Every structure is written in C-alpha cells, then in structure tokens.
Amino acid sequence: MTFGSRFFHHPRKLRDTHKILRNDRAILARWVANDVSQHGLGHGGNHGVSKFSSGSFLSPSYRAISTVGTQKGNAWRKEMEAYTSFSGTMFQKMHPCAEGNIRRSFSTASDLPPHQEIGMPSLSPTMTEGNIARWLKKEGDKISPGEVLCEVETDKATVEMECMEEGYLAKILRGDGSSGIKVGEIIAITVEEEEDVAKFKDYQPSTSDSAPAPKTSPTPSPPKEEIADAPATSPEPKSSMPSAPPSAGSRIFASPLARKLAEDHNVPLSNIKGTGPDGRIVKADIEGYLDSRGKEVSQAPKAAATAAAGLDYTDIPHTQIRKVTASRLLQSKQTIPHYYLTVDTCVDKLMELRNQLNALQEASGGKRISVNDLVIKAAALALRKVPQCNSSWTNDYIRQYHNVNINVAVQTDNGLYVPIVRDADKKGLSKISEEVKHLAQKAKENSLKPEDYEGGTFTVSNLGGPFGIKQFCAIINPPQSGILAVGSAEKRVIPGGGPEQYEFASFMSVTLSCDHRVIDGAIGAEWLKAFKGYIENPETMLL
C-alpha cells in the first residue's frame with residue numbers, strides 16, 4: 001500500500017470533501033498536520049509531516065516533508081504534489097474570480113491566527129482603481145457565501161461585492177468613502193473563528209502586501225571586479241535636459257515607448273539626454289523634459305492665480321464616473337474625426353399618435369409613452385434599414401453589428417450614464433418605455449450593473465424635452481460611430497395650400513454626429529432620411 005493511500009485513512013479530517021475543494025491548499029495542510037505528525041504515514045518509521053511553514057502547500061517545494069527513507073519519501077512527495085495540484089485546480093475552477101483579490105495568510109506570530117486578506121476586486125474590464133461607497137457588514141459580523149460585504153464604486157457604476165467563504169469580518173482597512181484604492185489593494189481581513197476577531201483590532205498590512213507589485217525582471221549587477229576597479233565618484237544626478245545636443249547625423253537610441261511619447265508631444269529626441277543604458281532615451285527622460293517645459297510655460301498662469309488668491313472657491317473631488325466620462329470624451333474628440341448632419345422633422349403626426357397610444361396605456365394601466373421613446377424606436381428602425389451606421393472602427397476592419405442596442409443618455413447628480421435598451425428594433429413602444437424608465441431610475445440610484453450599460457451600438461442624447469435646448473452636437477461614445485442629439489420641438493409658420501395662406505406646424509431639430517472613418521456623408525444623410533421618414537409617418541413604426 002502506497003503512502004498516498006494512507007493519507008486518505010484519516011476520514012475524520014477528510015470527510016467533508018466539498019470543503020477541501022472550496023478552500024485552498026493551505027487549509028488542507030492545516031487539517032491533516034496534527035494527525036500526520038502524530039501517527040506518521042509509513043510502517044518503517046515516521047515519514048510524516050514534521051512542520052508546516054506559512055503557505056508551504058502553495059509552493060512547489062515542500063520543505064515541510066522530512067524523509068527517513070529516500071525512496072519512500074520521494075513517493076510520498078509525488079503523491080502529495082499530485083493531490084494538491086488537483087485540489088488547487090478544482091478550487092480555481094470553482095472560484096475563477098478568487099485569484100487576485102483573496103489571499104490566504106498564515107502568520108508565524110502567535111497573536112495572528114490564519115486569516116484571509118480581501119483585496120479590491122476588478123469589477124469591470126477597464127477598472128484600475130475603485131472607491132468604497134459603504135460597508136454593509138461591520139467588524140465582527142458573521143459572513144456567508146453570497147452575502148454582500150460592501151458596495152464598490154467602479155469606473156462605471158456602483159457594484160455589490162459578495163462574500164466567497166464563510167467566516168467573520170475581522171478588520172475593515174478601508175472604510176466608507178475611501179477612494180483611489182488600486183485593484184488588489186487589501187481592504188479587509190476575514191477569519192474562520194469568531195474568537196480570532198479581537199486579535200486583528202490593531203492589524204495593519206505590510207507595505208509590500210497593500211498592493212500587488214509589478215513583476216519586473218531583476219537587473220543584473222555588474223561583476224565585482226568592475227566595481228572594485230571603478231574610481232570613486234559622487235553620483236551624478238539624472239537629468240532629462242540635454243547637456244550637449246548630439247552631432248548631426250549621429251544615431252539616437254531610444255526605447256519604442258519613449259519614441260511614441262515624444263512623437264505624441266512633438267518633442268525632438270535630439271533635445272533630450274538619455275539616462276538609460278549607454279545613453280539610451282527612456283520614458284522617464286521624455287516625462288522629465290515635459291515636466292520641466294510645463295513648469296516654464298505655467299509661470300504666467302501661476303502669477304495670475306497669485307493675483308486672484310483672494311477669490312472664494314470650493315474644490316470638488318472627482319468621482320470615478322466623472323473621471324471616466326472625461327477620459328472617454330477626450331479620447332473621442334482627439335481620435336475620432338467627427339462631422340455633423342442636422343435635419344428638421346415635423347412632429348405633428350408623432351404627437352397625435354402619442355396621445356392616442358397614451359389614452360390606451362392609461363386605460364390598460366400601462367406607463368405613458370414619451371417622445372424620447374418614439375425617437376429611440378425610430379432610430380433603431382433606421383439603423384436596421386441603414387446598417388452601415390450600426391458599426392464601429394478597428395485598425396483592421398469595420399465591425400458591423402447585427403443587434404441594435406441603443407444607449408440612452410441619462411443625467412444624474414452623480415454624473416452622466418448611458419444605460420442600454422437592447423434589441424430596440426424588435427421591441428414595442430410600451431416595452432421600450434418601461435425599460436427606459438426603469439434604467440433611468442437605476443442610474444439615479446447609482447445601482448446600474450455592467451450588463452445595463454455595456455454593449456451598445458448607437459446612442460441617443462435628448463436635451464430638448466427636459467431642458468428646451470433647440471439644437472446641439474453630441475460627442476460620439478466610443479467605440480460607436482454615431483450619436484443622435486435631439487433638440488426641442490417648436491411651432492413654426494409654414495406656407496399653406498393656397499396663395500397668401502399659411503399654417504402652423506411643430507418641428508424638432510436632430511443632429512447626427514458621425515465617425516467619418518466608418519460613415520461617409522452620403523450614408524449619414526441616408527440614415528437621417530430614414531429616421532425622418534419614421535418620425536413624420538409614425539404609423540410605419542407599428543407595422
């Protein structure tokens with residue numbers, strides 16, 4: 001009988017197999033450590049586990065295993081490695097999001113029992129840092145899988161963070177309102193036993209554990225002989241400013257990132273002295289040059305700010321949604337070639353149809369249909385009719401979408417949100433109205449989920465109905481290629497049927513912002529023609 005089979009002769013420790021797979025390999029080691037060290041695993045001596053160091057079962061080398069017989073010890077080692085590799089694989093399959101934001105720690109100090117470090121999770125594809133909106137659990141509370149620990153404000157919405165294991169919340173390291181927490185930075189500590197909570201009252205994570213350090217390859221040190229023979233000189237401070245420009249025609253060595261950064265900021269590499277290996281220009285040199293140039297340029301504004309120092313003002317911190325909105329809009333205006341097409345649409349028939357539909361809605365207890373609901377439906381049908389506008393640009397191809405998912409801009413106290421009405425071309429007006437009202441309410445409550453705002457193919461922004469704006473140009477929401485800006489309706493005098501006759505009609509101005517890389521002018525005009533046809537003949541939307 002092999003030594004691995006004797007490992008499974010401890011039913012008292014291994015009877016709850018699902019718990020072994022749910023927890024990590026270090027827990028498995030701790031469960032069997034006592035019995036194995038007392039009873040051994042072989043007939044011919046103590047081939048057991050003599051000592052378990054912190055995280056020993058998480059390392060490929062098992063220093064804890066002491067062998068008396070080399071052959072038997074190696075057999076035990078291989079079977080343990082195979083078993084722990086299997087249990088670790090099963091754990092990762094059962095908890096794919098556990099890696100990265102939950103770390104198991106076993107301290108050698110007597111006052112710190114086994115515990116888990118809960119890190120800031122990555123809750124969206126673009127998230128690099130987040131804020132703690134509020135904690136729903138307090139220190140000392142019992143937690144169970146599926147329960148909500150706290151609400152995390154990501155770069156797009158506020159998301160609930162759930163527990164993954166049973167235990168007790170021992171310490172909250174980042175309280176309510178904490179901001180700028182990097183992904184992976186420790187925010188809380190949990191323990192398995194309630195009596196261990198008090199031991200973490202004054203716990204502070206080490207600096208090395210507070211945030212994951214980037215992996216870098218170690219820089220090889222120079223040979224000792226060279227160090228010994230080198231003359232003793234005082235260290236020269238690094239400077240990105242040139243001491244002497246390189247001679248004409250000489251080759252300039254720079255990293256690809258430094259060249260790209262210099263090109264983006266129109267900085268001649270000949271003006272920069274490299275501080276990298278063999279005088280190579282690196283990213284830090286470009287950034288240092290830009291900083292020094294920025295200080296010189298900013299002297300005049302600083303003088304003006306000093307003169308206006310008596311002004312009364314309030315500095316409002318950026319929210320995550322404000323940062324993301326600013327970044328994406330700046331990216332859009334700098335990288336997307338916008339052009340704009342405006343058309344006036346007569347909305348008399350549209351308003352008449354809306355009144356008829358709302359009468360039916362009120363009789364059946366449904367929600368009222370707004371002009372914006374009709375605009376969303378018309379935009380979706382126009383996209384189905386002119387699919388070239390339902391596309392996005394990539395460096396290798398233009399991606400044309402088969403789903404028509406309309407983002408609807410919603411302004412809230414927290415910032416601008418764009419929740420999605422999915423497959424709007426296939427939904428009725430009543431369904432669109434219900435979804436828009438529900439999503440707008442969630443946006444105002446700051447409770448949108450990622451699936452509520454990710455995956456749109458076109459955006460509608462309406463400042464006419466709520467604010468009375470006559471006409472405006474909206475910024476494209478990347479990676480989309482179009483956005484429709486809807487203005488207010490106003491009565492105008494138009495020529496009548498006969499001479500010296502006139503009539504009144506209501507017209508609404510709409511402006512289509514297009515990405516010229518994807519939508520040519522004629523295609524954008526064709527889309528607006530289709531949209532205008534649905535607005536001025538709204539009964540065609542019901543067919």
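Which residue stands opposite Glu 129 in β8? The structure is a predicted model, in which local features need pLDDT of at least 70, side-chain atom pairs count only at pLDDT 80 or more, and totals for chains, interfaces and linings use all residues. Residues are numbered from 1 along each chain as its sequence is written, and side-chain values use heavy atoms, with hydrogens and water left out.

The residue opposite Glu 129 is Lys 182 in β8. Strands here are DSSP runs of E with at least two residues, and helices are runs of H or I with at least four, numbered from the N terminus. Strand β3 (residues 129-135) runs antiparallel to β8, joined by two bridges; two strands pair if DSSP finds at least two bridges between them. Both belong to an open, antiparallel sheet of four strands, ordered β6-β5-β3-β8. Because β6 (158-162) and β8 (181-182) each have a single partner strand, one side of each is left without a neighbour in the sheet.

Let us turn to β2 and β9. Four bridges join these antiparallel strands, and Ile 118 stands opposite Ala 188 in β9. All five residues of β2 (residues 115-119) are buried, so the strand is largely enclosed by the rest of the structure. Buried means under 20% relative accessible area, exposed over 50%, and partly exposed in between, with a 1.4 Å probe and protein chains only.

In β9 (residues 186-191) we find Ile 189, which is buried at a relative accessible area of 0%. Beyond four places in sequence, its contacts (heavy atoms within 4.5 Å) include His 115, Glu 117 and Phe 200. The C-alpha atoms of Ile 189 and Phe 200 are separated by 8.2 Å.
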